[in-house]
Every structure is written in structure tokens, then in C-alpha cells.
Amino acid sequence: MGTVSDAEKKPTVIFVLGGPGSGKGTQCASIVENFGHTHLSAGDLLRAEIKSGSENGMTLNLHLIEIYDEQQVMVYTKFRQIRKLFFDEIGTMIQNMIKEGKIVPSEVTIKLLQKAMHESENDKFLIDGFPRNEENRAAFEAVTKIEPAFVLFFDCPEEEMERRILSRNEGRVDDNIETIRKRFKVFQESSLPVVEYYDSKGKVRKVDAAKPVEEVFEAVKAIITPKEKVDAAKPVEEVFEVVKSIITPKEEKDSSKRSVHLCVTKHGTLKEHLLCKFEACKDSLNATQCLLS
Ligand SMILES: Nc1ncnc2c1ncn2[C@@H]1O[C@H](COP(=O)(O)OP(=O)(O)OP(=O)(O)O)[C@@H](O)[C@H]1O
Ligand SMILES: Nc1ccn([C@H]2C[C@H](O)[C@@H](COP(=O)(O)O)O2)c(=O)n1
């Protein structure tokens, strides 16, 4: 069997979903800081696109004309004027849709996401606020052939989300009560079915986002932290050596980024032995959870 070369390796993608104001952006910032992902917010990319007037020309793949003589200079100037009009129009279209709480066509959003991913040297991404509807989801998978590792879903009641958005104060055109109501409706009708779709595939990790920021992040950390598996078929003492090497005291390792989830898939004496040893040294360890099943 051939090996997959680095060039063919797909990036790891976590979709971050939740209602408007549920705290996606806030938590993504902490994930970036603690786990090193690159955060791509679909909403931020669209807002940046409006600001840039689409001058970078990514929406259409138009090629520059080489300039030989005066006539071509004229053609080139006209071409730029037409292009600017066209891109201005796309920017206006995005702006109007955001103001109305509507979802921008997938083609535009996916191109922005793809561009940002290609420009990044990272191989793990948090894609925040995307996919917002079934069209977003199907188009992203068809175009990029990327399946998310999982969906981080921030579950928060509307009243709390409304309170948060109304005190956000970032000057967003859609942070007003009229647009907020429309965004809630779109979330219920178009975005929740996407969460349900991934839930049916066992890919949703739900977090209670109504709690204070730090508490929400504790739950997020427990989800994002890579799970370290232990080969439980080996003799008990050997298994415990591996366990010890995973659960290293804070002062010996920079363990701030690797709080431990321990999955040992064997019952009986092994479980008792590990629990007993683990209990004995638990206080000095940086383990957030010990999952023994
Ligand atoms: N757990 C929390 N408790 C209280 N306030 C919060 C919490 N999380 C975020 N906030 C605040 O709520 C507001 C909305 O948060 P944030 O921008 O992260 O939400 P979002 O889900 O990214 O929103 P949107 O989808 O509208 O972009 C911000 O002002 C943020 O500081
Ligand atoms: N996949 C997406 C993501 C966002 N938008 C538009 C519509 C949203 O109301 C707006 C703001 O997004 P947020 O910052 O709240 O994630 O951006 C979209 O059309 N498609």
C-alpha cells in the first residue's frame, strides 16, 4: 500500500458552530492560544472582503493583461474599472445579506476559506461559523474533499445570546435587535439541521455555552485535548509505566497543553490497579480526567 505524501495530506478541520453570540469567537481565541490551531471565522472573512472591496480579486480568477502599447493601456484601465465595479457589487451584496441576517452563497465563502487555508502553513484549522446551512456543508465537502474531525457545538439559550450580542459593541451592522431576530431564525431553520446531520454521524461535541467564559473553556479543553490511548493488553506494570509517562507532573513537562484523557479499554484487575495507583498520585498530576472503561 502506498504512503500518503505530505502534499496530499489533508488538514485537520474542526467546525465551530453555535448560535449568534454563543461565544464561538471568544473560545476559538483561547483554543488558538492553547492548542495552536489557525482560526478562520467565515463571518470575519466576509466582513474583510467587504472592506477590501474584493480588490484582491479572489472571487473571480481574472488574469492581468500584459501592457505593450497605449491601446492596451486603455484596455487594461477599462478592464480594471469593470473589475472594480464587479467586485464592489459583490462586496455590496455580501454587506446587504449580512445586514439582513441571510447566508451568503457558498461559492463566495468557500473561496475565502480555501484561500485562507492555502495561505496558512498550519495543518489544523478551526472553521468558525461554517457550515451555516446544508448548501455550505455539501459544497465545502464537494470542493475541498475535507470532512471535519468533529463539530464543536456551543449550545446557548437565545436570551443569553441576545444579551451578549447587544453588549458586544464592535459596531457590527448585524448587532441590532431586528437583525439578531432574523439571525436566530436562520440559525434554527438552516444551521441546526447541519448540527443534526453531523450528530447523526457521531461527530458533534456539545458544550454548555451559557456558563462563564472560563468554565466553557474547561469543557472545550477536555474535548480538544488529544486522547492518548494505552495498549491495555500488556501486563499491568507495563501499562502503568505508559500511564505514568502520559500523566507527568506539571513541573517536569510543559503539560499545560496536554491535560490527559486516559482511555484504557480493559476491565477487571487492570482497572482496579490503575485506579488505585492513579488515586495515590492524582493530586500531583495534571490530569483533568481519567476515563477507564
Ligand atoms: N461565556 C460567556 N459569558 C459571557 N459573555 C460571553 C461569553 N462568551 C462570549 N461572551 C461575550 O459575548 C459576546 C459574543 O461572543 P462571541 O463574539 O465570541 O460570539 P460568537 O458566537 O462568535 O458570535 P457571532 O456568531 O455573532 O460572531 C462577546 O462580547 C463576548 O465577549
Ligand atoms: N458561513 C457563513 C458565515 C457567516 N455568514 C454571514 C451571515 C452571518 O449572519 C454573518 C456574520 O457571521 P458571524 O460573524 O456571526 O459568524 O456573516 C454567511 O453568510 N455564511
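This is a short talk on the two ligands in this structure and the residues around them.

The model is predicted, so local features need pLDDT of at least 70 and side-chain atom pairs count only at pLDDT 80 or more, while totals for chains, interfaces and linings use all residues. Residues are numbered from 1 along each chain as its sequence is written, chains are lettered from A and ligands numbered from 1 in the order in which they are written, and side-chain values use heavy atoms, with hydrogens and water left out.

I start with ligand 2. There are 15 residues around ligand 2, and R47, V104, G129, R132 and N136 come nearest; a residue counts as near if one of its heavy atoms lies within 4 Å. By class, this shell has 6 nonpolar, 3 polar and 6 charged residues. Here Ala, Val, Leu, Ile, Met, Phe, Trp, Tyr, Cys and Pro are nonpolar, Asp, Glu, Lys and Arg are charged, and the others, Gly among them, are polar. Helix α2, residues 42-52, supplies the largest share of the shell, 4 residues; helices are DSSP runs of H or I with at least four residues, and strands are runs of E with at least two.

Next, the polar contacts, meaning pairs of N or O atoms within 3.5 Å. A polar backbone atom of V104 is 2.6 Å from an oxygen atom of ligand 2. For a nitrogen atom of ligand 2, a backbone N or O atom of G129 lies at 3.1 Å, and a polar side-chain atom of N136 lies 3.1 Å from a nitrogen atom of the ligand.

Now ligand 1. It has 16 residues around it, with K24, T26, R168, R183 and K211 nearest. The shell divides into 4 nonpolar, 6 polar and 6 charged residues. Helix α1, residues 24-35, gives the most, with 3 residues.

Oxygen atoms of ligand 1 take part in these contacts. A backbone N or O atom of S22 lies 3.2 Å from an oxygen, a polar side-chain atom of K24 lies 2.7 Å from an oxygen, and a polar side-chain atom of R183 lies 2.9 Å from an oxygen. Ligand 1 exposes 630 Å² when taken alone, and the protein buries 77% of that.

One last point on position: P131 is in the loop between β3 (124-128) and α5 (134-144).

Technical notes
Polar contact = N/O pair within 3.5 Å; in protein donor to acceptor, adjacent residues only side chain to side chain. Areas by Shrake-Rupley, 256 points an atom, 1.4 Å probe, with all protein chains shown as cover.
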